[in-house]
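Work through the exercises below with the structure open. Try each task before reading its solution.

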Protein chains: 2
Amino acid sequence: MLVKRAIGSNPDFFRSIPIALFYFYPMKKSILLYGLAMAVLLALLKFLQYKYLIRDLGIEVYLTIVAVFFTVLGIWAGLKLTNPKQVIQASEEKAGDPEAMLAEYGISNREFEVLQLMAKGHSNQEIADELFLSLNTIKTHSTNLFSKLDVKRRTQAVDKAKSIGIL
Amino acid sequence: MLVKRAIGSNPDFFRSIPIALFYFYPMKKSILLYGLAMAVLLALLKFLQYKYLIRDLGIEVYLTIVAVFFTVLGIWAGLKLTNPKQVIQASEEKAGDPEAMLAEYGISNREFEVLQLMAKGHSNQEIADELFLSLNTIKTHSTNLFSKLDVKRRTQAVDKAKSIGIL
DNA sequence: TTTCCTTTCACACTAAAGTACCAATCTGGT
DNA sequence: ACCAGATTGGTACTTTAGTGTGAAAGGAAA
């Protein structure tokens, strides 16, 4: 909808959208955002193409912009995809029953991730940056985590988590 | 602007770009390969452009191919860059004597006492009460302790203290 | 005695952590 | 399709934590 209103003047542009979205059909919101970003960029370039004489500058310039943009986008996507990976690895390190304890205390995945970074001495802002979340979200997670662990501070949470063997 | 509106719901995206580029910076070979892959693809497309009539299919198809390719490339880069994360922290693991380490870092008795209580998750006020000291004194001790351990927060102090074997 | 370190504490300030409440979206089952 | 839990965020607020500066008292060593 948003896209449609922005580029309404270039109907032939829409041919590219289904192509982009095709590859990611089974996926969810992030992919939708990906397609959207792609569409927007294409629209922008298309717009510039008519506005200025980019065609005269050569198609290479055109492609380079797209290439760089989507590389960055890809790196970002890659970083996002690897985050849940580390959690799995970390939770499998302990030979005990960390998973059982997490379930016992009703600690969710995200909460555990936050807990792990807390234990490494990271600040809420740092955790937010590393997980690509907002500071408020980290605060929410940590508050919920504290109530589940029945503690009041992050240092207590780390201490208790280690004592019950989930860290 | 246009792009920002499209991904507007996730402003963290833009914060992640410098992060991604930061990890990317020290890797010279990867950048070289990146440029090479880019050049090869551009050449290939250029070649196809003359060989067949891709231009008639529209610039969108052209761009879509490039976009998808470099997204995949970016994801690959992202995956590669996130792996050597945990190696860095393992460098300071010197399992040694506790007393020797205290001397090594110039940590005094009181500071160590404070550190121990910190590790148990106690607040500054609680520590002050337990040691019959004022809150300000605890703050002074902890500030000095942090500078000696070269950390900025109590959680980091506890983490580092454990890693160097004084806790 | 002088010097250095430790320990103690104060005040004023900034930064971070944490609480409370709310709400939208997403996800996994039933 | 609906629902419970998970995830993500926001606002406004209170509480701790941490910094910078200064200072006083005691002990140990030169």
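The exercises that follow use a predicted model.

**Exercise 1.** State how many helices and strands chain A has, and how much of chain A is buried.

Solution. Start with the elements: chain A has 10 helices and 0 strands. Read from the N terminus, its elements run α-α-α-α-α-α-α-α-α-α. Then turn to burial: of the 167 residues in chain A, 47% are buried.

**Exercise 2.** Decide how helix H7 and helix H10 of chain A are oriented to each other, and find the residues that meet.

Solution. Locate H7 of chain A at residues 109-119 and H10 of chain A at residues 154-163. These helices pack at an angle of about 100°, and their axes are 10 Å apart. Angles of 65 to 115 degrees count as roughly perpendicular, so H7(A) and H10(A) are roughly perpendicular to each other. Next, list the contact: H7(A) brings A:Leu115, A:Met118 and A:Ala119, which meet A:Arg154, A:Ala157, A:Val158 and A:Ala161 of H10(A). Sorted by class, this contact has 6 nonpolar residues, no polar ones and 1 charged.

**Exercise 3.** Count the cavities of 30 Å³ or more and describe the lining of the largest cavity.

Solution. The count is 3 cavities of 30 Å³ or more. The largest cavity has a volume of about 100 Å³. Its lining includes A:Met118, A:Asp159, B:Met118 and B:Asp159. The elements that each give two or more residues to this lining are H7 and H10 of chain A, with helix H7 (109-119) and helix H10 (154-163) of chain B. Last, sort the lining by class: 6 nonpolar, 2 polar and 4 charged residues.

How values were computed:
Residues numbered from 1 in each chain as written. Chains lettered and ligands numbered in written order. Predicted model: local features only at pLDDT ≥ 70, side-chain atom pairs only at ≥ 80, totals over all residues. Heavy atoms only, no water. Axes fitted to C-alpha atoms, helices over the stretch in contact; angles between N-to-C directions. Helix = DSSP H or I, 4+ residues; strand = E, 2+ residues; numbered from the N terminus. Parallel < 35°, antiparallel > 145°, perpendicular 65-115°, else oblique. Contact = heavy atoms within 4.5 Å. Nonpolar A, V, L, I, M, F, W, Y, C, P; charged D, E, K, R; others polar. 1 Å grid on protein atoms, 1.4 Å probe; cavity = no way out; pocket = protein on both sides within 12 Å on 5 of 7 lines; lining within 4 Å. Points joined across faces, edges and corners; volume = space filled by probe spheres on them. Buried < 20%, exposed > 50% of the residue type's maximum accessible area, 1.4 Å probe, protein only.
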